[in-house]
Amino acid sequence: MPKVVSRSAVSSSTDARPTASSAAALRVYYCICGEFILVIDKTIASLPRRQTDGAIIVRAQDSDAGKARVFKLNAVAGEAVLLERQRGHERQFRFHCPRCTLPIGYQSTPPPAKSGPYVYLFAGALSQVQGQVPPDAFDGENGNEEGQDSTSLIGGNVYS
Ligand SMILES: [Zn+2]
């Protein structure tokens, strides 16, 4: 394995490793325009997806099914949209990037964020690297949820 000196990837070098102290490992996500959008205690690639639209499901409130994720969303509330689904209508209260107004997610209840049980994030709307288009920005609905961590190659980068 060639020796790679990668100074720019230091901040993400520990992401792929599951550790006991996961509470300390907060992930930061950016809009494709570079604006800070989300900080969360788990990689969004590892979170479940909605079957309906592939959106990433972020649990926002504690319930019998599990505890809420620790996260903060930096987004502005947008319009409410009404969608037709197979089982009826669905109302979405959208979140937008504060800088470029790209829609980045939604919830089923009116603002503020986390007023409902879940916050949904559009797959591909967020990147873990500032100013970089996420690798899944263009794929529609493939079902893979793991193994997307492109930074896992840096795992052996302990010598300096
Ligand atoms: Zn943006």
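Student: Which residue stands opposite P103 in strand 7?

Tutor: That's H96. Bear in mind that this is a predicted model, where local features need pLDDT of at least 70, side-chain atom pairs count only at pLDDT 80 or more, and totals for chains, interfaces and linings use all residues. Residues are numbered from 1 along each chain as its sequence is written.

Student: What makes strand 6 and strand 7 a pair?

Tutor: Two strands pair if DSSP finds at least two bridges between them. Four bridges join strand 6 (residues 88-96) to strand 7, and the two run antiparallel. As for the word "strand", it's a DSSP run of E with at least two residues, numbered from the N terminus.

Student: Why is G105 called buried?

Tutor: The cut-offs are 20 or more other C-beta atoms within 10 Å for buried, 12 or fewer for exposed, and partly exposed in between, with C-beta atoms placed from the backbone. G105 has 24 such neighbours, so G105 counts as buried. You'll find G105 in strand 7 (residues 103-107).

Student: How far apart in space are G105 and L121?

Tutor: They're 4.0 Å apart, C-alpha to C-alpha, though 16 residues separate them in sequence.

Student: Which strands are the edges of the sheet?

Tutor: The open sheet has five strands in the order 3-8-7-6-5, with antiparallel pairing. Strand 3 and strand 5 (76-85) are the edge strands, as each pairs on one side only.
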